[in-house]
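Take a look at the sequence and the 3D structure below. Then read on for a short walk through the model.

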Amino acid sequence: MELNVRQRRVDSTGIDAHDRRLLEQIQEGLPLVPRPFADIAGRLGMAEAEVIARIERLCGEGVIKRMGVVVRHRSLGYDANAMVVWDVPDTRVDALGQCFARFPFVTLCYQRPRRGARWPYNLFCMIHGKDRDAVLDKVVELTEACGVGEVRHQVLFSRRCFKQRGANYRRGCP
Amino acid sequence: MPTTNLNAFERRLLNDFQQDMPLSPTPYADMAARLGVSEAEVLEALASLREEGVISRVGPVLAINRVGASTLAAMAVPEPRLEAVARLVSAHPAVNHNYEREHRFNLWFVATAPGEAELAQVITELERATGLDALVLPMLQDYHIDLGFELQWN
């Protein structure tokens, strides 16, 4: 197994044990009650104001990318979803990643490691659309706008979804 | 659920609060005030949208690799074994996404764990359980700033 831990840009500075317990409590969703933060605070033995202040800080630090309604695209007719993978020269990967990420239909955009001849692709983006043609049109749009016509890429449409839920970082979970 | 089944209030609830949820003691009442409805209507609508699977939650989207460790991984599964292997992978509590994709690498999943050592252990367990090698593709750089997703209603 090849995990290349040292390549990864992990930054968890500034997250303490209370933050971790708080994230565990909210990662599957806030309770739908009039005072959700007071409810969470009660479970953690914290004050409501502290819960809100910690969430604000975690948002500011980028640990929480956003707080709000998390929509399931498939349920709204966005049935086509493709992961597009590109074999981009290492010198251009940051510039192209930033170019792709500016498009509203690109919902994720990551650099990942190549794995030799088995897997030569280093730039990944996720595109949601109402059907396959819509997604393929968007791939063409990206290709033209970011000047990657000559770059080898593949479009991996999703078929079945076997499992989808919020991340679970709990230590010792069953 | 076809989008035509959503009323104007539900559409605004889905569109306007993907990132701007108020962080006040009474966020749902504040959302209701902005939409001109009652707090009870917001709570009921969110509960039923969650029940119907239109939303997965009201809550945080976490930056990956900022809390714990996670990775994308893929397996090239012989077609006749795909469903059985997918079940084995989904059954692991560390796996939170698991999709079939159109490629020789046809099973794609995300595994998360409290730290790097536990994550490596998860991958080893999945490789042993399935008898297949995993292509392990951890994120190196995130270019996307998550502002939610702009929904188009027609």
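**A helix and its buried side**

In α4(A), the residues A:L96, A:G97 and A:F100 are buried. Here a residue is buried if 20 or more other C-beta atoms lie within 10 Å of its own, exposed if 12 or fewer, and partly exposed in between, with C-beta atoms placed from the backbone. The three cover an arc of only 105° around the axis, which puts them on the same side of α4(A). That arc is taken over the directions from the helix axis to the C-beta atoms. An α-helix has 3.6 residues a turn, so residues three or four places apart point the same way.

What do the buried residues of α4(A) pack against? They pack against β3, β4 (123-129) and α5 (132-145) of chain A, together with β6 (141-142) of chain B. Contact means that the C-beta atoms of two residues, placed from the backbone, lie within 7 Å. Helices (H or I, at least four residues) and strands (E, at least two) are DSSP runs, numbered from the N terminus.

This is a predicted model: local features need pLDDT of at least 70, side-chain atom pairs count only at pLDDT 80 or more, and totals for chains, interfaces and linings use all residues. Residues are numbered from 1 along each chain as its sequence is written, while chains are lettered from A and ligands numbered from 1 in the order in which they are written.

α2(A) can be read in the same manner. Its buried residues are A:P36, A:F37, A:I40 and A:A41. They lie on the same side of α2(A), because they cover an arc of only 135° around the axis. Their packing partners are α1 and α3 of chain A, together with α2 (27-35) of chain B. Just after α2(A), A:G45 has a positive phi of about 70°.

**The sheet**

Now turn to the strands. Nine of them form an open sheet, in the order β5(B)-β2(B)-β4(B)-β3(B)-β5(A)-β2(A)-β4(A)-β3(A)-β6(B), and the pairing is antiparallel. β5 (135-137) and β6 of chain B stand at the edges, each with a single partner strand, so one side of each is left without a neighbour in the sheet. Two strands pair if DSSP finds at least two bridges between them.

Within chain A, strand β2 (residues 80-86) pairs with β4(A) in the antiparallel sense over seven bridges. A:V85 stands opposite A:F124 in β4(A). α5(A) packs on the sheet and touches β2, β4 and β5 of chain A. The direction of α5(A) makes about 140° with that of β4(A). Axes are lines fitted to C-alpha atoms, for helices over the stretch in contact, and angles run from 0 to 180 degrees between N-to-C directions.

**Where the chains meet**

β5(A) pairs with strand β3 (residues 95-101) of chain B in the antiparallel sense, over four bridges. There, A:S158 has B:R101 in β3(B) as its bridge partner.

How many residues of each chain are in contact? The count is 80 residues of chain A with 71 residues of chain B. β5(A) gives the most to the side of chain A that touches chain B, with ten residues. That side has 40 nonpolar, 20 polar and 20 charged residues. Nonpolar covers Ala, Val, Leu, Ile, Met, Phe, Trp, Tyr, Cys and Pro; charged covers Asp, Glu, Lys and Arg; the others, Gly among them, are polar.
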